[in-house]
Amino acid sequence: MLMSRDGLCGIGELAERAGVTVKTVRFYSDHGLLPEASRSAGGHRRYGPEALGRLRLIRSLRALGLAVSEVRRVLDEEDGTSGMLEDAVAGRLREVGSELRALRWREAALRLVQECPPGERADRLRLIGAVAAPPSTAPLVRFWRGWLPPRMPARSAAAFLEVAVPSPPDDPAPAQVLAFARLAALTLAPCPGGAQPQPEAHRAAGARGAAVLYAGLAEAYELAGGPLRRGVDPHTGEALDCFVSAYTSAYGVRDTPDFRRRLARQLAADPRIDRYWELVAEVITPPGARPEPTPGAAHDWLLAALEAQTAAEAA
């Protein structure tokens, strides 16, 4: 940097060497990021030899997207490379990740509209226009809180919601955008009679038994996931025994052939939300892949195994 005899330079010279405008240098000076060494007799700003390096560091930090307040905190550290910089960069990375997810979602939504037949575009626009980018799972959570047994322990409810509410894909295909939009619309639709139908299992288990029931069902669904992924037909075994055990533990009864027959009839008569689970499978499954198991699919597989067992014993 060219310096005067006193080792200082003017604002124009500093701006030229840094490749920025005088207005930019003045902005950083006015915000306390680039302190002046002194003022000339005519009131002009003067900067010391360290100003060029500091100005270049400020530009680098701003190029990363850091706010002026974050740049100030980084510069306030002695070396500008420790905790404040790491925290600021990590925070900006999170923001960029969120922005990228939103952009990928919007791109998939635009492709969805572009690729659909003209006669379907109005409905597609209505569906995807009702969700944010990326969308919130709040409507799905509210739907399940209305479905789960009243006064179910919070920890048990949270564990169920973790598997029942799918996260929007970070890089969705158009079909996944459509499935999630339909899922949100489904959960927001008014239920017949003003209330969601409740399975008999909820009434029979009660609030405390519901926690036991859903914990047992989660284990049974996980066991059934393997056969489902391999396309194996429903059959007796560990998964079915675990499934029945979830109900016997919740109801406080023994596992007997008669109980299994009554349970099969009860579950067959319970309200179903098949469409919800079909859409969940579309959301969580990459295009062209075998559908990922959902709790709904696992429940159907286990119920089919139970019905086949009870029918065989009755024959």
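**Legends to the close-up views**

**View 1. Contacts and overall form of the protein chain.** In this predicted model, 67% of the contacts between residues at least 6 apart in sequence join residues at least 24 apart. The protein chain contains 14 helices and three strands. Its radius of gyration is 31 Å, well over the 20 Å that the globule rule gives for 315 residues, so the chain is more spread out than a compact globule. The C-alpha trace spans about 105 × 50 × 40 Å along its principal axes. Of the 315 residues, 42% are buried.

**View 2. The salt bridge between Glu95 and Arg92 in helix H5.** The two side chains meet at 2.8 Å, N to O. Both residues belong to helix H5 (residues 83-115), where they lie three residues apart, about one turn of the helix. Glu95 is partly exposed, its relative accessible area being 39%.

**View 3. The salt bridge between Asp258 and Arg262 in helix H12.** Here the distance from N to O is 3.1 Å. About one helical turn separates Asp258 and Arg262, because they are four residues apart in helix H12 (residues 257-269). Asp258 is partly exposed, with a relative accessible area of 38%, and Arg262 is likewise partly exposed, at 42% relative accessibility.

View 4. The side chains of Asp274 and Arg272 meet at 3.0 Å, N to O. Asp274 counts as partly exposed at 32% relative accessibility, as does Arg272 at 40%. The structure holds 16 salt bridges.

Note on methods. Residues numbered from 1 in each chain as written. Predicted model: local features only at pLDDT ≥ 70, side-chain atom pairs only at ≥ 80, totals over all residues. Heavy atoms only, no water. Helix = DSSP H or I, 4+ residues; strand = E, 2+ residues; numbered from the N terminus. Rg over C-alpha atoms; globule rule 2.2 N^0.38 Å. Buried < 20%, exposed > 50% of the residue type's maximum accessible area, 1.4 Å probe, protein only. Contact = heavy atoms within 4.5 Å. Salt bridge = Lys/Arg side-chain N within 4 Å of Asp/Glu carboxyl O.
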